[in-house]
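This report looks at one residue and its surroundings, and then at charged side chains that pair with one another.

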Amino acid sequence: MNSGLSKPETISDLVEIGCRWFHEKKWNPFHFQIKTWEAYLEGKSGLLNAPTGSGKTYALWVPCVLEALNEDITRYPKGQLRVLWVTPLRALAKDIHSAMQSLCDEFSTGWQIGLRTGDTTTGERQKQKQKAPHCLVITPESLHILLSQSDYPHYFKDLRSVIVDEWHELIGTKRGVATELALSRLKHITRSKLKIWGISATIGNLKQAKRVLLGEETYKKGVDIVSEVEKKIEVRSVLPDEVEKFPWTGHLGTNLVHKVIPIIESSGTTLLFTNTRSQTELWYQAILKAYPDMAGVIAMHHGSMDQAIRNWVEDAIHEGKLKCVICTSSLDLGVDFRPVDTVIQVGGPKGVSRFQQRAGRSGHHPGAVSKIFFVPTHSLELIEGAALRKAIADHKYESRKPLERSMDVLVQYLVTLSVSGGFKPVNIYQEIKQCYGYRLLTAKEWQWALDFITTGGKTLGVYDEFARVYEDDGIYRIINKRAATRHKLSIGTIVGDPTLKVRFITGGYLGTIEEYFISKLNPGDTFWFAGKNLEFIQIKDLTVLVRKSKRKKGVTPAWAGGRFPLSSMLSDVIKDKLEEAQRGNYTDIELQTIRPILELQSQWSQLPDSKSLLIERTETEYGHHIFIYPFEGMFVHEVLASLVAYRISRITRISFSISMNDYGFELLSDQEVPIEEALELDLFSENNLMQDINESINKTEMATRKFRDVATIAGLIFQGYPGKNIRARHLQASSTVLYKVFEEYDQHNLLIKQSMQEVMTQQLEESRLFEAIRRINKQKIVLKDTRQPTPFAFPILVDSLRRENLTSEQLAERVTKMQLQFERRLTKE
């Protein structure tokens with residue numbers, strides 16, 4: 001594009017050029033885009049909130065290019081980095097890189113855009129080091145790797161701006177904390193004032209999100225820009241032909257394939273989202289089994305598949321070659337796949353924001369309608385379809401609570417600075433205090449961090465291995481090359497179980513799989529991975545060797561992670577929908593469909609609501625059951641169930657088995673449960689609450705497991721060199737030993753405290769748990785005796801059977817018998 005001006009002189013001139021470029025594309029810039037251009041060109045920092053597919057990338061990349069037009073590019077020496085574009089996903093990085101380079105070429109800026117992620121080759125990294133691109137699209141981990149280079153101050157000195165894409169995905173995670181720390185350093189090494197911008201989808205705490213991004217010293221001066229574009233999202237639920245009165249989790253799911261295929265066939269390209277990698281594998285198998293003709297036009301995409309395969313899938317989507325891609329959150333974020341016009345969500349997404357984000361993958365351009373179909377995994381889950389539609393219409397979205405005082409991330413960052421040439425504590429302390437996550441860091445905690453990286457702390461000082469950093473004339477450095485190398489290999493905050501590469505014995509990689517799953521297989525066993533049935537041959541050089549199998553059956557890997565609780569926001573809307581049904585309002589098609597279930601629940605017991613806590617008591621051949629329905633999500637229910645069981649056990653000697661889902665939990669005993677007496681003794685009392693929780697759950701064991709991740713990030717646990725990973729059980733054993741040492745001899749160790757705190761805030765959802773207890777104490781307790789488990793109790797009862805290590809066929813057979821038995825009782829009534 002010819003700007004029409006030899007050298008624009010004012011911001012208005014530059015904005016006019018941007019508008020002209022839009023008009024040449026037959027587009028009209030939105031007001032929020034122009035407003036963002038002006039704010040950026042005025043030197044301001046801020047946070048942009050805009051829906052997916054509204055043009056938010058152009059809102060911030062266009063002013064970067066316009067600013068370049070106002071400068072003499074002949075003055076640019078080789079290797080002058082001007083813009084960092086931080087993105088959380090590798091797939092997103094590739095897509096944005098291409099769009100940016102295209103725009104720069106059209107404006108004839110002479111700019112080169114680089115890409116730096118974990119997949120960037122060593123050769124390309126060396127080229128970027130010798131001659132920096134004008135803009136670098138980068139992940140948080142790769143940014144910290146650059147900060148570990150000795151010449152990083154020179155490399156970043158001409159940086160003008162940092163733009164953090166999809167900030168809502170980073171805030172509330174340790175990757176977000178690492179981004180805060182990197183920004184705090186960059187602000188103090190650039191020659192000109194650094195502009196910092198974030199791009200965020202809608203979340204419930206945008207003001208706080210801006211504060212975390214910009215830092216304590218600048219957030220008040222930063223601007224908030226909210227898009228005026230109203231993104232239309234069309235939510236439809238896939239309804240079963242008939243509804244069982246006793247639903248159970250997982251029963252529908254793939255049984256609705258025949259309903260899903262027509263949606264795929266009538267669409268251009270469809271993304272079918274599942275919540276776990278295991279479900280992705282299962283749905284791919286189910287579609288091909290039911291519709292073999294789909295072979296060649298459907299594919300899978302998840303984080304454990306080989307990068308080359310994922311790249312091929314992404315390119316095929318761009319080119320419109322695929323009818324459907326079954327995927328996980330690996331394609332959640334703002335990748336612009338224009339051919340995608342439909343999204344399918346299998347199972348409850350557990351949160352409104354996540355559902356909206358996935359819906360936005362379809363119709364990913366301004367003015368287009370995003371279409372998303374909700375496929376329930378059991379009939380009761382249809383309530384979530386109605387609730388999600390209502391929440392989106394009412395603009396109700398979850399907040400992302402930022403992390404504070406993550407000492408493991410701080411320790412890693414300080415060692416990174418020590419590797420790159422050293423740092424002066426007095427300077428870095430002041431920078432770190434400007435980060436939201438460390439604004440309350442005390443001088444004592446800071447000194448602990450310095451002592452920890454130099455001596456290993458109070459208990460590890462006698463071991464040279466943990467004395468990684470030394471102090472020389474007020475500067476903290478690492479000079480041991482082995483320690484420096486190990487640290488650079490360990491940079492990052494994404495910690496998981498060790499993985500092994502999966503490769504055909506004849507050659508060709510398929511991806512990675514977690515060690516604990518493969519350890520359960522014997523040679524000759526078959527398993528599904530990357531859409532193929534594979535025969536396990538052996539493990540050689542930390543690589544799983546396989547061959548294709550012609551067998552029809554095989555196990556599907558179960559990866560760690562992917563377990564999300566129902567958000568409190570969505571829980572509240574679900575209860576609103578149940579109250580509508582109580583009042584006889586069945587306007588939503590989902591409520592109409594499951595009306596027989598809801599009416600049976602009301603007939604035998606009552607529908608749960610926000611004003612009361614429903615408790616059901618029944619007896620079956622399995623024993624005495626107590627079902628309680630707080631609707632607070634799986635994590636909270638896990639703790640509540642343990643707490644209730646513990647308090648009842650103080651009344652009488654009794655043991656329980658516990659099951660739960662997002663709606664409620666079950667206590668099962670072989671003897672009658674004194675529930676009335678427990679309620680009379682204030683079962684949900686807030687008195688001695690923490691003491692009783694500590695007695696009812698093994699919090700120390702949970703903290704020991706959590707400590708492995710904390711210790712790994714902090715550099716206490718080394719996971720191994722490339723191709724020589726340390727086995728999972730050895731890593732856990734090492735972290736357990738360290739935990740016990742600290743617990744006994746260094747009880748004030750901040751990593752121990754952090755591990756316990758993360759258990760409380762993340763695994764046990766402490767704040768939500770206490771809020772749930774307070775809410776229960778304001779509710780009316782309703783105890784119902786039922787002749788048998790009700791429709792709401794049945795899925796929880798079935799989940800308890802899964803622990804008996806039944807095959808899917810055995811479980812289905814057992815559940816079918818139970819359903820027939822309950823149906824016969826219903827008929828007699």
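## A buried residue and its contacts

In this predicted model, Val-352 has a relative accessible area of 0% and is therefore buried. Val-352 belongs to helix α14, which covers residues 352-359, and, leaving aside residues up to four places away in sequence, its contacts are Leu-388, Ala-391, Ile-392, Lys-396, Tyr-397, Glu-398, Met-569 and Leu-570. Thr-416, by contrast, is 64 residues from Val-352 in sequence, and their C-alpha atoms are 37 Å apart.

The structure contains 38 salt bridges, one of which joins the side chains of Asp-662 and Lys-350, with an N to O distance of 2.7 Å. Because Asp-662 sits in the loop between β23 (657-660) and β24 (665-669), and Lys-350 in the loop between β12 (340-346) and α14, this pair ties together parts that are 312 residues apart in sequence. Asp-662 and Lys-350 are both buried.

## A network of charged residues

Salt bridges also link Arg-389, Lys-577, Glu-580, Asp-588 and Glu-590 in a network. Within it, the closest N and O atoms of Arg-389 and Glu-590 are 2.5 Å apart; this pair links distant parts of the chain, since Arg-389 is in helix α15 (residues 382-393) and Glu-590 is in helix α23 (residues 589-593), 201 residues apart. Arg-389 is partly exposed, at 25% relative accessible area, whereas Glu-590 is buried, at 0%.

Asp-588 and Lys-577 form another salt bridge, with their closest N and O atoms 2.7 Å apart. Asp-588 lies in the loop between α22 (568-582) and α23, and Lys-577 in helix α22, so the pair ties together parts that are eleven residues apart in sequence. Asp-588 is buried, with a relative accessible area of 13%, and Lys-577 is buried at 5%.

Technical notes: Residues are numbered from 1 along each chain as its sequence is written. This is a predicted model: local features need pLDDT of at least 70, side-chain atom pairs count only at pLDDT 80 or more; totals for chains, interfaces and linings use all residues. Side-chain values use heavy atoms; hydrogens and water are left out. Helices (H or I, at least four residues) and strands (E, at least two) are DSSP runs, numbered from the N terminus. Buried means under 20% relative accessible area, exposed over 50%, partly exposed in between (1.4 Å probe, protein chains only). Contact means heavy atoms within 4.5 Å. A salt bridge is a side-chain nitrogen of Lys or Arg within 4 Å of a carboxyl oxygen of Asp or Glu.
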